[in-house]
Amino acid sequence: MSAPAEITDQKAVLRAAALALRDALPAAERAAAAAAIAERAFPVPVAAGTIVSGFMPMKAKSEINPIPLLRKLADAGASLALPAIAGRGYPLIMRAWRFGAPLASGQWGIREPMPDAPEVAPDIVIVPLAAFDRHGHRIGYGAGYYDLTINALRAQKKVIAIGIAFAAQEIPKVPATERDARLDLVLTEREVIDFRG
């Protein structure tokens, strides 16, 4: 197994390449991919009151927009949550949110629920990513927030972590460490990739 510093360096190179590829996707293609994911049957049962945490896409980034999917899940009865950053080295705080509720501008201008929104423990976590492989590993943006969060949630309850990405973000192998939280599924515009088997 590679040393942690070596893995960090490998991930940085893979992240930069994956993000460049993602940035090159035309806006219309990105919007069509987000719509395709939302239109497909969701691969996990969502009963009324199931707490699904999503994320707000970063305006300056080309990441896939989870809003169409979140709207569909809310219409199906899910209770939504969005992350708020608690600080480097800490898990994200998942706060209850619904469409139409106000949002604050958090770190890096990421929109997040107001500080008085109740903290919740999601059943399903929809996870942004830079790259993923067929083993359920992902490369995020480098701060480790989602790994910390998923691992902390899984220590409390059964949580399903679902990556959402463009098919173009798939790479052959993510160099992973024991701290990296594996995804249960990845949704792309082309397919549902299920790692739970």
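**Ground rules.** I am working with a predicted model, where local features need pLDDT of at least 70, side-chain atom pairs count only at pLDDT 80 or more, and totals for chains, interfaces and linings use all residues. Residues are numbered from 1 along each chain as its sequence is written, and side-chain values use heavy atoms, with hydrogens and water left out.

**Entry 1: strand β2.** I then checked its partners (two strands pair if DSSP finds at least two bridges between them). β2 runs parallel to β1 (residues 51-53), with three bridges, and Ile51 stands opposite Ser79. With β3 (residues 93-97), β2 pairs antiparallel over five bridges; there, Pro83 has Met94 as its bridge partner.

**Entry 2: the core.** How many residues has the largest nonpolar core? I found 48, and Val52 and Phe42 are among those with the most contacts inside it. Such a core is a set of buried Ala, Val, Leu, Ile, Met, Phe, Trp, Tyr and Cys residues joined through side-chain atoms within 4.5 Å. Another core, of seven residues including Ala18 and Val174, lies apart from it.

**Entry 3: Asp180.** Is Asp180 buried or exposed? Asp180 counts as buried because its relative accessibility is 14%. I found Asp180 in the loop between β9 (160-164) and β10 (185-187). A polar atom of its side chain lies 2.8 Å from the backbone nitrogen of Thr177.

Notes: Helix = DSSP H or I, 4+ residues; strand = E, 2+ residues; numbered from the N terminus. Buried < 20%, exposed > 50% of the residue type's maximum accessible area, 1.4 Å probe, protein only. Polar contact = N/O pair within 3.5 Å; in protein donor to acceptor, adjacent residues only side chain to side chain.
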